[in-house]
Amino acid sequence: MEQQRDKFNLKEGVSYINCAYMGPLLRSSEEKGIEGLKRKRNPFEVSQEDFFKDIAVVKELFGELVNAPASQIALFPSVSYGFSSVLNNLSSDGKTEAIVVSNEFPSGYFSAKSWCEKHDCNLNVIEPQTISSRNQKWSDDIIASINKQTAFVLISSVHWMDGTKFDLEKIGATCKQLGAKLLIDGTQSVGALPMDVQKFQIDALVCATYKWLFGPYSSAIGYISPSFEKGIPLEESWMNRTNAYDFSLLTNYEDAYVEGAGRYNMGESNDFIKMPILIASFQQILEWKPAEIQAYCQKLVQPIVAFFEENGIHIEDEKYQAQHLIGFKLEGKFQSEQLFEDLKVAQIFLSFRGDFLRISPNVYNTEEDMLKLLQVLRKNLIVA
Ligand SMILES: Cc1ncc(COP(=O)(O)O)c(C=O)c1O
């Protein structure tokens, strides 16, 4: 894959290596969003069918991205909403604990914590080890912690601070074997890394779309497995009932929800601006293919990884380290204040999260962006 900067409207001269913060809008998505906005000029052109059309396409496309049927996909306004929808329908069944990892993103952490408080269960927070194979050991420790008392494991597919790639296949298999649910926050990987809810035996996957999925803000999407099919949604949208398609019959109140995960869709889910944006973005990602995007990011970060290795900054093997999101600790290795100043002057955008400086490129980044970053890193390295 070649760099794709011309597919975006990014400002000239800026090295935006911060997709983990917010993905830029694709030109194609921007156009579709504006068209969607303009439709409101003439409401008489919006038909009843239009209230259900685009969302159906969004579900198909996202299903293709994560290997799930469209019927099991639901739209939410946020990740926290998605997790609450699922956890509200999970009983403890005599189990006594849930598992998260340390520094999990707050939307997931608080969802798990609140469930534990409600069900009088223990929240087991798995810490990483400070050894060279930290990421691999972290997955091993999660797996070793799952037992018959575990109600669920809630983790991100890729840790949002340092890009640890959890071994979802083994974690999923262990969850299934011991009767625990696996709930995944895919926000920091879906779009840039292949995802397969069947292979990983995931019970619920929730992703904010405004990062690696090039979606708008206030938009999340997820897969909810058939095991939650009888659940109670957070809200009672008319759109999720089987009679919603005929507006003249809406008050023939229909108790039945639409099939699959349809009951969990947020109200007014077929947003006339956001859905066209998502369609264009998902189509583009599917055309590029997440595996190719990952390979492109690997090529981009290669000189940085080599520089880290030369200077004793450990980065894990690709199996346990995302290539589109690499967090490294500055501690003792870099002149932090000057580094931040130089990044600013060079118009290089990264994020600092926890103890980690986070490099998160995507297909609009170029070799030049990375060489510019390398130069700044080299300049601020504290030579022992
Ligand atoms: C891992 C992860 N999950 C979720 C979110 C966003 O959560 P929410 O949609 O609840 O605001 C972010 C935002 O940075 C994130 O990094």
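The model is predicted.

**Exercise 1.** Locate Gly-312 relative to the helices and strands, and classify Gly-312 as buried or exposed.

*Solution.* Step 2: the relative accessible area of Gly-312 is 54%. Step 3: a residue counts as exposed over 50%, so Gly-312 is exposed.

**Exercise 2.** Describe the surroundings of the ligand, and state which side chains place a polar atom at 2.7 Å, 3.0 Å and 2.8 Å from a ligand oxygen atom.

*Solution.* Step 1: list the shell. The ligand is surrounded by Ser-78, Val-79, Ser-80, Phe-105, Ser-107, Ser-156, Trp-160, Asp-185, Thr-187, Gln-188, Tyr-210 and Lys-211. Step 2: sort the shell by class, which gives 4 nonpolar, 6 polar and 2 charged residues. Step 3: assign the distances. A polar side-chain atom of Ser-107 is 2.7 Å from a ligand oxygen atom, one of Gln-188 is 3.0 Å from a ligand oxygen atom, and one of Lys-211 is 2.8 Å from a ligand oxygen atom. Step 4: consider the covering. The ligand taken alone exposes 400 Å², of which the protein buries 89%.

**Exercise 3.** Characterise the largest pocket by volume, lining and contributing elements.

*Solution.* Step 1: the space in the largest pocket is about 550 Å³. Step 2: its lining consists of 27 residues, and those nearest the centre are Arg-134, His-314, Lys-329, Glu-331 and Phe-356. Step 3: at least two lining residues come from each of α5 (134-145) and β9. Step 4: by class, the lining has 8 nonpolar, 12 polar and 7 charged residues.

**Exercise 4.** For the second largest pocket, determine which element supplies the largest share of the lining.

*Solution.* Step 1: this pocket holds about 430 Å³ of space and is lined by 21 residues, with Lys-165, Leu-193, Pro-194, Lys-199 and Phe-200 nearest its centre. Step 2: α6 (168-178) and α8 each supply at least two lining residues. Step 3: the largest share, 4 residues, is that of α8. Step 4: the lining divides into 10 nonpolar, 4 polar and 7 charged residues.

Note on methods: Residues are numbered from 1 along each chain as its sequence is written. This is a predicted model: local features need pLDDT of at least 70, side-chain atom pairs count only at pLDDT 80 or more; totals for chains, interfaces and linings use all residues. Side-chain values use heavy atoms; hydrogens and water are left out. Buried means under 20% relative accessible area, exposed over 50%, partly exposed in between (1.4 Å probe, protein chains only). On a 1 Å grid over the protein atoms alone, a cavity is a set of points where a 1.4 Å probe fits but cannot get out, and a pocket is an open set with protein on both sides within 12 Å along at least five of seven lines; lining residues have an atom within 4 Å of a point. Grid points are joined across faces, edges and corners, and a volume is the space filled by probe spheres set on the points. Ala, Val, Leu, Ile, Met, Phe, Trp, Tyr, Cys and Pro count as nonpolar, Asp, Glu, Lys and Arg as charged, and the others, Gly among them, as polar. A residue is near a molecule or strand if one of its heavy atoms lies within 4 Å of it. A polar contact is a pair of N or O atoms within 3.5 Å; within protein, one must be able to donate a hydrogen and the other to accept it, and residues adjacent in sequence count only if both atoms are side-chain atoms. Accessible areas come from the Shrake-Rupley method with a 1.4 Å probe; for residues, only the protein chains shown count as cover.
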